[in-house]
Amino acid sequence: MPNQPLPTVQFSLGATAARNLANATVTVPQKGRITPRWLLRLLPYVNVDGGVYRVNRVAREADGQESGVDVLTVESGEVKLPHTFVDYEEQAREYHLSTIQTVLQTHTRVTDLYSNKIDQLREQIRLTIEGVKEREEWELLNNPDFGLLKESAPRAIRTRSGAPTPDDLDELLALVWKKPAFFLAHPRAIAAFGRECTRRGVPPPTVHLFGSPFITWRGVPLVPSEKFEIQGKGKDATTSILLVRVGEADQGVVGLHKAGVTGEVEPGLSVRYMGTNELSIASHLVTRYFAAAVLTEDAIARLDNVNVGQYHDYVYPKA
């Protein structure tokens, strides 16, 4: 008699059926496009109560130099002292706060029925705010009116060799030598600089900020942001590197925002309930008021023509 398969015998409760009685451990929604946004953390913000920030500067002479103060060093005797005053620019520059806004829509059935341990509305608001802050960092770098890349144009230099070298960063430090706070660059530019340092036998030291490691040059950290645009592809890909001084007290770069607005969840950022329509759709207005200002020209400098595509030239040894 041919062999016949034995009947399947179940000796215990099956895993598939048992899962029907189990509660899954769930995470909040994960979003890969969320970045650390170090610039927003490192930039000191000034509250602009009236929505306008006016930067008063000392007037410049015909040769382009700031008006100076006439003083005299007296060794002895009586001398006629010079008379002096400091003139100001008559047309001071004003920065007007920019606005990022969006309307978040959620169905009340979803927020009512499907909010257990994780609140659906709270997560929708959290992810929307993350998107607003990502856009804010992009604007702080690339906005045509106040973006730091545009503001640094008067003090822009080019790399000597294409790849970012210690010599290039030293040139930036010579331009922003009064209390430089940090370099700001695309992660690929920082990687390219690290390769150049390693090639020269001067690996850059590392410092920890906010619990994360940053490489440094001359004690100044290189802070990554992928909001820098990269021009070109492959070996010809280039970008820029910034060096900034920050803070009002040091006549540096400052962020601007308007605190105390209705529905504020943090300074300058508000979420306002706008009502529920006849389709049971609840709307919330998410608003961010912000800008940036460079108080003096020597607070920022830019390195251009930074080649970030040279990693294609490396030939990795075979295993």
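How many salt bridges does a search of the whole structure find? In this predicted model, the search finds 21 salt bridges.

## Salt bridges around Asp298

Asp298 forms a salt bridge with Lys178, in which the closest N and O atoms are 2.7 Å apart. Because Asp298 lies in the loop between strand 14 (281-294) and strand 15 (300-307), while Lys178 lies in the loop between helix 6 and strand 6 (182-185), this pair ties together parts that are 120 residues apart in sequence. Lys178 is partly exposed, its relative accessible area being 33%.

The side chain of Asp298 also meets that of Arg245 in a salt bridge, with an N to O distance of 2.8 Å. Arg245 is placed in the loop between strand 10 and strand 11 (253-257) and Asp298 in the loop between strand 14 and strand 15, so this pair ties together parts 53 residues apart in sequence. Arg245 counts as buried, at 2% relative accessibility. Elsewhere, salt bridges with shared partners join Arg37, Glu130, Glu134, Glu137, Glu226 and Lys227 into one network.

## Helix 4

Within helix 4, Glu139 and Arg135 are four residues apart, about one turn of the helix, and they form a salt bridge whose closest N and O atoms are 2.8 Å apart. Glu139 counts as buried because its relative accessibility is 10%, whereas Arg135, at 46%, is partly exposed.

Glu136 also has its place in helix 4, which spans residues 120-142, and it counts as buried at 2% relative accessibility. Leaving aside residues up to four places away in sequence, Glu136 touches Leu40, Tyr45, Ile100, Arg288 and Phe290.

## Contact of helix 6 with helix 7

The axes of helix 6 (residues 166-175) and helix 7 (residues 187-200) come within 9 Å and cross at roughly 115 degrees. Helix 6 contributes Pro166, Asp167 and Leu169 to the contact, and helix 7 contributes Phe193, Cys197 and Arg200. These contact residues divide into four nonpolar, no polar and two charged.

Thr238 lies in strand 10 (residues 238-244) and is buried, with a relative accessible area of 16%. Not counting residues up to four places away in sequence, Thr238 touches Glu229, Ile230, Gln231, Asn305, Val306, Asn307 and Val308. Thr238 and His83 are 155 residues apart in sequence, and their C-alpha atoms are 52 Å apart in space.

Val69, Val71, Val86 and Tyr88 make a nonpolar surface patch of about 410 Å². Val69 lies in the loop between strand 2 (52-55) and strand 3 (93-96), and at 48% relative accessibility Val69 counts as partly exposed.

Technical notes
Residues are numbered from 1 along each chain as its sequence is written. This is a predicted model: local features need pLDDT of at least 70, side-chain atom pairs count only at pLDDT 80 or more; totals for chains, interfaces and linings use all residues. Side-chain values use heavy atoms; hydrogens and water are left out. Patches are made of residues with over 30% relative accessible area and no salt bridge: like charges are joined within 9 Å, nonpolar side chains (Val, Leu, Ile, Met, Phe, Trp, Tyr) within 5 Å. Accessible areas come from the Shrake-Rupley method with a 1.4 Å probe; for residues, only the protein chains shown count as cover. A salt bridge is a side-chain nitrogen of Lys or Arg within 4 Å of a carboxyl oxygen of Asp or Glu. Helices (H or I, at least four residues) and strands (E, at least two) are DSSP runs, numbered from the N terminus. Buried means under 20% relative accessible area, exposed over 50%, partly exposed in between (1.4 Å probe, protein chains only). Axes are lines fitted to C-alpha atoms, for helices over the stretch in contact, and angles run from 0 to 180 degrees between N-to-C directions. Contact means heavy atoms within 4.5 Å. Ala, Val, Leu, Ile, Met, Phe, Trp, Tyr, Cys and Pro count as nonpolar, Asp, Glu, Lys and Arg as charged, and the others, Gly among them, as polar.
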